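Please read them beside the sequence and the model shown here.

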Amino acid sequence: MDEQAREQALLTALTTEHFTLQTSRGATIAESVGRATVFLTLLSAALIGLGFVSGSGQLLKPYLGVVVPTLVITGLFTFGRLVQSMVENSLDLQRIQRIRAYYHRQFAGEHDFFADAVVAGDLRRAAWAAVGSRPGRWQLLLTTAAMVGAVNSLLIGLGATLLTGLAGGTPTVAVVVGVVVALVAFGAQIAYLARASISQPS
């Protein structure tokens, strides 16, 4: 195979790979939206149910005892998958940027087509630049995973408040315990999210 045929074959392969990676990105984003929607719908249904049983002291405690753990477990599973999807999406975008950098080096000439793929310095920075952001921990707070993590933290804090109240704690103590537990839970989830983001392979 001569050099021209090799270049043409490589270009065809890269174009196909580019399309496949973009399709994969679309699929991970759609899955993330779907999972977050299912979780928030479940939460909304639980709150509606709470409205129906809130007038009955006999039903309220058993209802919360079943629903809160269910929501917490579902939320944690949702959060875990959203983190995986975020990492998959980021890796796909980095691979796309690598292909775009090849396009720029081989075909752009004096034009600045695809220049953002090589100006950023490394693939991770180029991937962030492609979506108009800069890498950083604060950006992680804007993700769908962080949103679900925040809801999870509120539910975990609520559970801690209820347990403290059942154990005989005063309302003030129960609320303080719930707030502290919620903050710790949120911090732990954000730390997990940051670690997953940083440790992803390039």
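1. Helix H1 comes first in this note. At 1.5 Å a residue, its 51 residues should span 75 Å, and its end C-alpha atoms lie 74 Å apart, which agrees. The expected span is 1.5 Å times one less than the number of residues in the helix. Helices (H or I, at least four residues) and strands (E, at least two) are DSSP runs, numbered from the N terminus.

2. A word on sources. The model is predicted, so local features need pLDDT of at least 70 and side-chain atom pairs count only at pLDDT 80 or more, while totals for chains, interfaces and linings use all residues. Residues are numbered from 1 along each chain as its sequence is written, and side-chain values use heavy atoms, with hydrogens and water left out.

3. Overall make-up. The protein chain has 7 helices and 0 strands, and its pattern along the sequence reads α-α-α-α-α-α-α. Of its 202 residues, 36% count as buried; buried means under 20% relative accessible area, exposed over 50%, and partly exposed in between (1.4 Å probe, protein chains only). Among contacts with a separation of 6 or more, 74% join residues 24 or more positions apart. Contact here means heavy atoms within 4.5 Å.

4. Buried residues of H1. The buried positions in H1 include Leu14, His18, Leu21, Arg25, Phe39 and Leu43. The cover over the buried residues of H1 includes H2 and H6.

5. Helix H2. This helix has 52 residues and reaches 71 Å from its first C-alpha to its last, close to the 76 Å expected at 1.5 Å a residue. Just after H2, Gly109 takes a positive phi of about 65 degrees.

6. Pairing of H1 with H2. His18 is in helix H1, and Leu93 is in helix H2. The two residues are 75 residues apart in sequence and 9.6 Å apart in space, C-alpha to C-alpha. Leaving aside neighbours within four places in sequence, His18 is in contact with Ile96, Ile99, Arg100 and Tyr103. Leu93 is buried, with a relative accessible area of 8%. Leu93 and Arg25 are 68 residues apart in sequence, with 7.5 Å between their C-alpha atoms.

7. The nonpolar cores. Which residues have the most contacts inside the largest nonpolar core? They are Leu155 and Leu193, in a core of 27 residues. Helices H1 (3-53), H2, H6 and H7 (171-198) are the elements that give two or more residues to this core, and H2 gives the most, with 12 residues. A nonpolar core is a set of buried Ala, Val, Leu, Ile, Met, Phe, Trp, Tyr and Cys residues joined through side-chain atoms within 4.5 Å. Not counting residues up to four places away in sequence, Leu155 touches Phe39, Leu43, Val68, Leu71 and Val72. A second, separate core of 6 residues includes Leu14, Leu21, Ile99 and Tyr102.

8. Helix H7. The 28 residues of H7 should span 40 Å at 1.5 Å a residue; its end C-alpha atoms are 40 Å apart, which agrees. Its buried residues include Ala182, Gln189, Ile190 and Leu193. Gln189 is buried because its relative accessible area is 6%. Beyond its neighbours within four places in sequence, Gln189 is in contact with Leu76, Phe79, Gly149, Asn152 and Ser153.

9. Gln84 lies in helix H2 and is partly exposed, with a relative accessible area of 43%. Gln84 and Leu193 are 109 residues apart in sequence, yet 9.3 Å apart in space, C-alpha to C-alpha.

10. The second largest pocket. How many residues line this pocket? The lining has 13 residues, of which Lys61, Leu64, Gly65, Leu162 and Leu166 lie nearest the centre. The elements that give two or more residues to the lining are H2 (57-108) and H6 (144-166), and H2 gives the most, with 7 residues. On a 1 Å grid over the protein atoms alone, a pocket is an open set of points where a 1.4 Å probe fits, with protein on both sides within 12 Å along at least five of seven lines; lining residues have an atom within 4 Å of a point.
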